[in-house]
Amino acid sequence: MSQDLSEALKEATKEVHAQAENVEFMKNFQKGQVTQEGFKLVMASLYHIYVALEEEIERNRENPVYSPLYFPEELHRTAALEQDMAFWYGPSWQQAIPYTAATRRYVRRLHTVGHTEPELLVAHAYTRYLGDLSGGQVLKKIAQKALDLPSSGEGLAFFTFPNIANATKFKQLYRARMNSLDMTPEVKHRVVEEAKTAFLLNIQLFEELQQLLTLDTADQRPSTPPGLQRLAGHRVPETTPTEVPRGKAALSLLPQSPVFRWVLTLSFLVATVAVGLYAI
Ligand code: HEM
């Protein structure tokens with residue numbers, strides 16, 4: 001792979017980027033169809049994700065596989081997200097914010113990478129920070145309008161980069177730094193694959209949030225607290241990607257195996273015939 005890392009990343013993630021733009025949650029967002037509930041949910045997930053990402057960045061800040069990309073003043077989002085959490089969830093936000101299964105999965109991957117394959121951290125930083133400096137700026141304006149937020153930027157600190165005067169120029173600098181990393185073709189290949197994984201983790205997160213919001217809308221009984229309120233304040237148990245989403249568990253109490261169904265049907269027939277013979 002003789003291509004520059006920045007070009008390789010952009011090219012390899014084109015398809016997943018389009019996929020991310022087209023998940024229902026994001027499509028609705030772009031149309032200005034974002035509710036306060038949905039926005040709070042995604043912001044809380046981002047809080048957990050950036051805490052993990054920046055914890056791993058700090059751990060590796062002097063590691064040459066990451067150090068050229070260490071821009072805490074310009075990029076780091078944890079402090080901004082803490083402000084946003086206080087705005088959206090109030091002073092006890094730490095106890096109130098949800099922590100969903102897909103968020104947990106993303107966080108777990110970030111810690112694994114930071115501990116065991118720090119050379120892949122660049123993939124996660126690229127996916128989030130360059131995204132925030134690109135499409136993120138469009139999303140900020142949409143949210144401001146849809147949620148009727150003050151132009152002072154309250155509740156949207158995450159989207160504001162006060163130490164970056166020109167996002168386009170900063171992105172150019174960032175790409176040049178990525179290209180300066182000393183990397184074998186094998187590592188470059190793994191970084192590109194990890195960036196695709198990072199996009200997929202984001203996509204899975206949006207899909208999960210959309211499901212939670214849909215469940216919440218369906219939950220219309222007035223005496224029942226909304227699904228999202230049930231989520232808040234306690235941690236959702238971890239699930240694997242194949243697990244049944246919350247609220248849709250156990251569609252049937254009977255095992256779904258066809259063999260079991262056949263045995264059950266045959267037993268029923270034998271019992272019916274036996275009762276019939278006995279009656280005669
Ligand atoms: C509604 C959703 C989105 C919109 C409208 C959007 C829009 C954009 C636009 C217009 C650019 C190009 C900026 C440029 O070339 O300078 C861009 C770049 C980028 N976006 Fe998105 N985006 C969205 C979602 C996402 C998501 C979910 C991620 C990942 C979490 C993401 C990550 C990136 C990255 C990493 C880049 C930089 C690509 C590069 O130059 O190598 N975007 N986005």
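User: What should I know about the model before we start?
Analyst: Residues are numbered from 1 along each chain as its sequence is written, and side-chain values use heavy atoms, with hydrogens and water left out. As the model is predicted, local features need pLDDT of at least 70 and side-chain atom pairs count only at pLDDT 80 or more, while totals for chains, interfaces and linings use all residues.

User: What is the mean pLDDT of the protein?
Analyst: The mean is 85, and 78% of the residues reach 70 or more; pLDDT is the predictor's confidence in each residue, from 0 to 100. Over residues 221-260, though, pLDDT stays under 50.

User: What makes Tyr-50 count as buried?
Analyst: Buried means under 20% relative accessible area, exposed over 50%, and partly exposed in between (1.4 Å probe, protein chains only). Tyr-50 has 0% relative accessibility, so it is buried. In α4, 17 of the 24 residues are buried.

User: And why is Asp-148 called exposed?
Analyst: Because its relative accessible area is 70%, and the cut-off for exposed is over 50%. Asp-148 lies in the loop between α10 (135-146) and α11 (167-180), and its phi is near 55 degrees, a positive value in a residue other than glycine.

User: How many aromatic pairs are there?
Analyst: Rings of Phe, Tyr and Trp (its six-membered ring) pair if their centres lie within 6.5 Å; planes under 30 degrees apart are stacked, over 60 edge-to-face and the rest tilted. By this rule there are 13 aromatic pairs.

User: Why is the pair of Tyr-50 and Tyr-129 called tilted?
Analyst: The ring centres are 5.9 Å apart and the planes stand at 55 degrees, so the pair is tilted. Tyr-50 is in α4 and Tyr-129 in α9 (residues 121-132), so the pair ties together parts 79 residues apart in sequence.

Notes:
Contact = heavy atoms within 4.5 Å. Helix = DSSP H or I, 4+ residues; strand = E, 2+ residues; numbered from the N terminus.
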